[in-house]
Every structure is written in structure tokens, then in C-alpha cells.
Amino acid sequence: MGGELYKWICNGGNNHEVVKRVMETRPSWTQIKSSQTLYQFKWAPISRQIKFDFLCKHGQRNLVNHFENHALISTKDQIFYNMAKFCENLHQDVFKTLPLTF
């Protein structure tokens with residue numbers, strides 16, 4: 001490590017104060033402006049604030065708090081659609097896997 005400072009970004013919204021407070025306790029981490037692209041960690045309340053195509057472009061690993069295309073598994077309509085297709089391929093009833101929701 002040798003005194004290297006890691007850079008982090010914390011965009012406002014959805015409990016960003018907690019993330020910021022924790023990151024400020026890390027002596028080898030320094031906060032940078034959200035417009036900068038050379039960082040090791042970025043926290044954003046919504047995935048639209050993360051440019052997934054640019055992650056790891058500068059020869060370094062970038063960590064973010066969202067999965068690309070997460071809506072496919074994190075929204076009710078998309079998880080139902082994907083699980084229904086999966087269960088159909090296995091000739092199974094999707095409602096034996098997922099609870100009925102409204």
C-alpha cells in the first residue's frame with residue numbers, strides 16, 4: 001500500500017450521510033468530486049448515476065453499489081417475467097417459486 005490514497009465518491013440521497021460518515025473514518029481513503037472519473041469506490045442512490053460502460057476503463061478497478069441491469073431482478077414485474085420464463089423452460093409453475101403479490 002505504501003501511503004496510497006484511494007478515492008471515493010458519494011452522491012447525495014437515500015442515506016448517503018451514513019456512507020459518507022463511514023468512509024470518512026478510513027484513513028487511506030479521500031473523497032473526490034462526483035464529476036471525477038478516477039475513483040476506486042462510488043456510492044449513488046440510483047443506478048442511472050453510474051456509467052457502467054466506463055467502469056475499469058482507466059486500468060483500475062472501480063467499485064459501485066449497484067449491479068448493471070439490476071431491474072431485471074429487483075422490480076416485481078421484471079422478476080416475475082424472468083422467473084416465469086425460467087419456470088416455463090423447466091415445466092414448473094412459477095407460483096410455486098414466487099409468492100402472489102399485488
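1. Asn-11 sits in the loop that runs between β1 (6–10) and α1 (16–23), where helices (H or I, at least four residues) and strands (E, at least two) are DSSP runs numbered from the N terminus. The model is a predicted one, in which local features need pLDDT of at least 70 and side-chain atom pairs count only at pLDDT 80 or more, while totals for chains, interfaces and linings use all residues. Residues are numbered from 1 along each chain as its sequence is written, and side-chain values use heavy atoms, with hydrogens and water left out.

2. With a relative accessible area of 11%, Asn-11 is buried; the term means under 20%, exposed means over 50%, and partly exposed lies in between (1.4 Å probe, protein chains only). Leaving aside residues up to four places away in sequence, Asn-11 touches His-16, Ser-34, Lys-42, Trp-43, Ala-44, Pro-45 and Gln-49, a contact being heavy atoms within 4.5 Å. The side chains of Asn-11 and Gln-49 are also joined by a polar contact of 3.2 Å, that is, a pair of N or O atoms within 3.5 Å, of which, within protein, one must be able to donate a hydrogen and the other to accept it, and residues adjacent in sequence count only if both atoms are side-chain atoms.

3. The count of aromatic pairs comes to two, where rings of Phe, Tyr and Trp (its six-membered ring) pair if their centres lie within 6.5 Å, with planes under 30 degrees apart called stacked, over 60 edge-to-face and the rest tilted. Tyr-6 and Trp-29 form a tilted pair, at 5.2 Å centre to centre and 35° between the planes. Because Tyr-6 belongs to strand β1 and Trp-29 to strand β2 (residues 29–31), this pair ties together parts that are 23 residues apart in sequence. Trp-29 is partly exposed, at 24% relative accessibility.

4. The rings of Phe-80 and Phe-95 have centres 5.7 Å apart and planes at 35°, so this pair is tilted. It links distant parts of the chain, with Phe-80 in helix α3 and Phe-95 in the segment after α3, 15 residues apart. Phe-80 is partly exposed at 35% relative accessible area, and Phe-95 is partly exposed at 45%.

5. Phe-80 and Phe-95 also belong to a nonpolar surface patch, together with Leu-72, Ile-73, Ile-79 and Leu-100, and the accessible area of the patch is about 580 Å². Such patches are made of residues with over 30% relative accessible area and no salt bridge, like charges being joined within 9 Å and nonpolar side chains (Val, Leu, Ile, Met, Phe, Trp, Tyr) within 5 Å; a salt bridge is a side-chain nitrogen of Lys or Arg within 4 Å of a carboxyl oxygen of Asp or Glu. Accessible areas come from the Shrake-Rupley method with a 1.4 Å probe, and for residues only the protein chains shown count as cover. Two or more residues of the patch come from each of α2 (71–74) and α3 (76–89). Leu-100, in the segment after α3, is exposed at 61% relative accessible area.
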